[in-house]
Amino acid sequence: MLTVISWLIVGLLAGALARLLMPGEQSSSWIGAICLGIVGAVVGGFLWGLIGGKGVSQVLSDPWSLGSFLIAVVGAILFSFVWGALTRKR
């Protein structure tokens, strides 16, 4: 239970930081920022595993490490960029 609460807090922080670093206007709520941060952690952990890191299991097992937070932010930025490109009105 504590890990879930920890990931909600870290997800909010990572998602908020990713939204601040992304150019342009993002119109989502704080719940959207939490989801962005959590999805970013999974995406970042997956990509980190592909390039030689320990992967998603390490990232999700310790939400309070600096490495997990940075991977979550990078993953959230990548996910936000791809999501914006897929859902942008043409």
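Here are a few exercises on the structure above, each with a worked solution.

This is a predicted model, in which local features need pLDDT of at least 70, side-chain atom pairs count only at pLDDT 80 or more, and totals for chains, interfaces and linings use all residues. Residues are numbered from 1 along each chain as its sequence is written, and side-chain values use heavy atoms, leaving out hydrogens and water.

**Exercise 1. Work out which secondary structure elements the chain has.**

Step 1: Take helices as DSSP runs of H or I with at least four residues and strands as E runs of at least two, numbered from the N terminus.
Step 2: Counting them gives four helices and zero strands.
Step 3: Read from the N terminus, the order is α-α-α-α.

**Exercise 2. Describe how H1 packs against H2.**

Step 1: The axes of H1 and helix H2 (residues 30-50) are 6 Å apart, at an angle of about 95°.
Step 2: That makes H1 roughly perpendicular to H2, a label for angles of 65 to 115 degrees; under 35 is roughly parallel, over 145 roughly antiparallel and the rest oblique.
Step 3: Look for contacts, meaning heavy atoms within 4.5 Å. H1 contributes residues including Trp 7, Gly 11 and Arg 19, while H2 contributes, among them, Trp 30, Leu 36 and Ala 41.
Step 4: Sort the contact residues: 12 are nonpolar, three polar and one charged. Here Ala, Val, Leu, Ile, Met, Phe, Trp, Tyr, Cys and Pro count as nonpolar, Asp, Glu, Lys and Arg as charged, and the others, Gly among them, as polar.

**Exercise 3. Is Ser 80 buried or exposed?**

Step 1: Find Ser 80 in helix H4.
Step 2: Its relative accessible area is 17%, so Ser 80 is buried (under 20%; exposed is over 50%, partly exposed in between, with a 1.4 Å probe and protein chains only).
Step 3: Leaving aside residues up to four places away in sequence, Ser 80 touches Met 22 and Leu 36.
Step 4: For the whole chain, 29% of the 90 residues count as buried.

Conventions: Axes fitted to C-alpha atoms, helices over the stretch in contact; angles between N-to-C directions.
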